[in-house]
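Please read it alongside the sequence and the structure shown here.

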Amino acid sequence: MGLTILVVDDEPRIVQLVRDYLEHAGFTVLVASDGAAALRTARTGRPDLVVLDLGLPGLDGLDVARALRREGDVPIIMLTARTEESDKLVGLELGADDYLTKPFSPKELVARVRAVLRRAEGLRSPTDVIRVGSDVELDGPRMEARIGGRRIDLTKTEFELLATMARQPGRVFTRAQLLDAVRGVAFESYERAIDAHVKNIRRKIEADPRTPHYLLTVFGVGYRFAEPAA
């Protein structure tokens with residue numbers, strides 16, 4: 001039996017479309033049309049990933065995400081018709097792994113589901129050496145970074161930031177999440193300091209920092225490490 005995906009949306013047409021595409025891709029699909037039903041189904045069905053619309057009646061998607069995060073670490077992909085960046089930021093801060101804005105391509109959703117599941121599996125099988133594609137290698141114990149075979153000299157904070165994103169290529173991190181990830185090292189407690197460190201990392205790892213290949217900006221939200229080419 002394939003992995004199980006819970007789809008939560010109050011629009012039957014969207015639910016059916018997403019269900020058809022996910023089942024065609026080999027997933028088992030559970031559905032819920034409101035927040036309370038979503039939490040009940042998540043507790044009984046134990047899905048491997050939740051596709052969650054933010055604009056639900058009653059208990060909204062952000063409340064559902066909060067509850068899911070209190071109870072476990074199931075991956076979450078948010079769906080939203082809202083265009084405000086604040087909704088994406090709040091959802092990501094709550095621990096959502098990715099988001100799509102309506103209208104969206106069902107094929108893209110399936111691709112995002114697969115990518116998030118791959119990242120989640122990688123986190124369940126941690127390793128001291130992080131590899132992304134064939135040209136990125138980060139050695140945690142030695143604090144060494146190699147890009148395309150070239151050793152890159154990074155500060156401890158720069159290494160921790162880069163490793164945090166490289167562990168989950170494609171995942172969008174807000175500045176606050178990155179700040180939380182490196183608070184174990186000496187670091188200014190100000191989110192915009194992240195921008196300065198990202199600029200320094202790009203200067204060291206990118207062939208052209210003005211058009212980055214590895215460390216990408218998600219405007220209005222934060223940063224992500226590029227997924228390797230298929």
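A pocket, as the word is used here, is an open set of points on a 1 Å grid over the protein atoms alone, with protein on both sides within 12 Å along at least five of seven lines, and a volume is the space filled by probe spheres set on such points. In this model, which is predicted, the largest pocket holds about 690 Å³ of space.

**The largest pocket**

- The lining of the largest pocket is made up of 25 residues, and those that lie nearest its centre are Arg69, Gly72, Asp73, Val74 and Pro75.
- Two or more lining residues are contributed by each of the elements α2, α3 (61-71) and α5 (106-124), and α5 gives the most, with six residues.
- Sorted by class, the lining of the largest pocket comprises eleven charged, ten nonpolar and four polar residues.

**The sheet and the helices packed on it**

- Five strands form an open sheet in the order β2-β1-β3-β4-β5, and their pairing is parallel.
- The edges of this sheet are strands β2 (28-32) and β5 (98-101), each of which pairs on one side only, while the twist from one strand to the next averages 20 degrees.
- Helix α1 (residues 12-24) packs on the sheet, where it touches β1 (4-8) and β2, and its direction makes about 165 degrees with that of β2.
- Helix α2 (residues 35-45), an element that also gives two or more residues to the lining of the largest pocket, lies across β1 and β2 and runs at about 150 degrees to β2.
- Within the sheet, strand β3 (residues 49-53) and strand β4 (residues 76-80) pair in the parallel sense over four bridges, and Asp53 stands opposite Leu79 in β4.

- Once neighbours within four places in sequence are left aside, Leu52 is in contact with Val8, Gly61, Val64, Ala65, Ile76, Ile77, Met78 and Leu79.
- One of these contacts of Leu52, Leu79, is the residue in β4 that stands opposite Asp53.
- Between the C-alpha atoms of Leu52 and Ile201, which are 149 residues apart along the chain, the separation is 34 Å.

Terms used. Residues are numbered from 1 along each chain as its sequence is written. This is a predicted model: local features need pLDDT of at least 70, side-chain atom pairs count only at pLDDT 80 or more; totals for chains, interfaces and linings use all residues. Side-chain values use heavy atoms; hydrogens and water are left out. Two strands pair if DSSP finds at least two bridges between them. Axes are lines fitted to C-alpha atoms, for helices over the stretch in contact, and angles run from 0 to 180 degrees between N-to-C directions. Contact means heavy atoms within 4.5 Å. On a 1 Å grid over the protein atoms alone, a cavity is a set of points where a 1.4 Å probe fits but cannot get out, and a pocket is an open set with protein on both sides within 12 Å along at least five of seven lines; lining residues have an atom within 4 Å of a point. Ala, Val, Leu, Ile, Met, Phe, Trp, Tyr, Cys and Pro count as nonpolar, Asp, Glu, Lys and Arg as charged, and the others, Gly among them, as polar.
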